[in-house]
Amino acid sequence: MAATSKTDQKAALDIASWLFNVVTSVGIILVNKALMATYGFSFATTLTGLHFGTTTLLTTFLTWLGYIQPSQLPWPDLLKFVLFANFSIVGMNVSLMWNSVGFYQIAKLSMIPVSCLLEVVLDNVRYSRDTKLSILLVLAGVAVCTVTDVSVNLNGFLAAAIAVWSTALQQYYVHYLQRKYSLGSFNLLAHTAPVQAASLLLVGPFLDYWLTNQRVDAFNFSFISLFFLILSCSIAVGTNLSQFICIGRFTAVSFQVLGHMKTILVLVLGFTFFGKEGLNMQVVLGMLIAILGMIWYGNASSKPGGKERRSLSIPVTKAQKLSGLSETSESDGKV
């Protein structure tokens with residue numbers, strides 16, 4: 001009875017984590033679309049720096065109140081994480097500018113096989129045939145409903161490759177660091193957000209000027225554009241936190257696969273609020289295929305042997321040895 005109750009509680013927390021991530025992620029996409037497309041604030045890198053600055057203010061306040069307990073994250077690991085995360089942000093922005101929308105979407109889809117490769121190589125994870133096929137079905141469905149024109153050039157390809165690999169490494173590192181140093185989502189965010197905010201706010205205005213030929217300090221704010229900027233920064237706190245919560249509870253691959261539900265929701269809400277231009281049977285068919293793939297993935301990966309870690313790659317710290325917390329080869333219970 002107790003085991004059933006614990007399983008139900010875990011399932012409820014898993015669902016709540018996904019809903020938190022989906023709501024905040026879809027919300028920030030729609031708000032940023034209004035801020036950038038409607039009101040002309042096209043400074044994406046600087047905006048991301050402001051997001052992390054707002055997150056830093058919240059984590060600092062919660063630490064001061066005692067809700068976030070002190071924790072340790074060595075500087076080499078912190079700097080590697082920030083390097084991956086910032087290259088991901090900058091790479092995505094440059095990739096979107098230099099590539100067609102179709103190739104940009106293909107690059108985003110390729111994050112799933114890259115994340116799978118990282119888990120296979122670094123964590124010795126093995127996937128069952130059904131799990132692999134379900135991932136392919138999700139990729140096919142999202143490709144059908146999002147990929148249209150596809151053209152590529154060398155610079156765009158290199159930018160996309162940097163974006164894909166750095167994003168996959170950043171998401172892998174979220175899960176890795178939380179397990180290695182026993183960090184909660186708020187703890188990890190409290191370590192990483194200040195460094196990301198400082199670095200992006202330092203580099204962002206120059207990068208945005210290079211990308212848009214416009215200066216962020218010359219932007220003429222109206223009341224409504226300032227409102228959307230503050231709203232975007234506020235929602236971003238939840239988006240950043242929910243990403244760490246979901247990857248910590250699951251894995252980077254599951255976050256990517258099930259995360260494409262956000263792509264489907266953004267399309268549906270876009271058609272609902274911004275007009276039905278582009279809505280056709282191909283898009284509807286792609287959505288249905290992707291949703292079926294996500295359901296199949298959730299079922300296949302949760303079965304015994306669906307996704308199995310053959311050995312643990314995370315080194316055991318001295319403190320863990322003294323506490324007798326050594327770990328042996330185990331089946332990965334995360335979906």
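Predicted model: local features only at pLDDT ≥ 70, side-chain atom pairs only at ≥ 80, totals over all residues.
The description begins with the helices. Two packed helices are described by the angle between their axes and the distance between the axes. In this structure, helix α2 covers residues 44-65 and helix α9 covers residues 223-249. Their axes are 8 Å apart and form an angle of about 65°. Angles of 65 to 115 degrees count as roughly perpendicular, and α2 and α9 are therefore roughly perpendicular to each other. The crossing of these two helices is right-handed.

Which residues make the contact between α2 and α9? From α2 come Leu 47, Leu 50, His 51, Phe 52, Thr 54, Thr 55 and Leu 58. From α9 come Leu 229, Ser 232, Cys 233, Ala 236, Val 237 and Asn 240. Sorted by class, the residues of this contact comprise eight nonpolar and five polar ones, with no charged residue.

The description now turns to empty space. Rolling a probe the size of a water molecule over the atoms shows where empty space is left. The second largest pocket of the structure holds about 460 Å³ of space. Its lining consists of 16 residues, and those nearest the centre of the pocket are Asp 14, Ile 15, Trp 18, Leu 258 and Gly 298. Of the elements that line the pocket, α1 gives the most, with eight residues. In terms of class, 12 residues of the lining are nonpolar, two are polar and two are charged.

A pocket is open, whereas a cavity is a space from which the probe cannot get out. How many cavities of 30 Å³ or more does the structure hold? There is one cavity of that size, and the space in the largest cavity amounts to about 30 Å³. The residues that line the largest cavity are Gln 105, Lys 108, Leu 109, Val 142, His 260 and Thr 263. Helix α4 (101-109) and helix α10 each supply at least two residues of this lining. The element that gives the most to the lining of the largest cavity is α4, with three residues. By class, the lining of the largest cavity has two nonpolar residues, three polar residues and one charged residue.

Notes:
Residues numbered from 1 in each chain as written. Heavy atoms only, no water. Axes fitted to C-alpha atoms, helices over the stretch in contact; angles between N-to-C directions. Helix = DSSP H or I, 4+ residues; strand = E, 2+ residues; numbered from the N terminus. Parallel < 35°, antiparallel > 145°, perpendicular 65-115°, else oblique. Left-handed = near helix turned anticlockwise from the far one by under 90°. Contact = heavy atoms within 4.5 Å. Nonpolar A, V, L, I, M, F, W, Y, C, P; charged D, E, K, R; others polar. 1 Å grid on protein atoms, 1.4 Å probe; cavity = no way out; pocket = protein on both sides within 12 Å on 5 of 7 lines; lining within 4 Å. Points joined across faces, edges and corners; volume = space filled by probe spheres on them.
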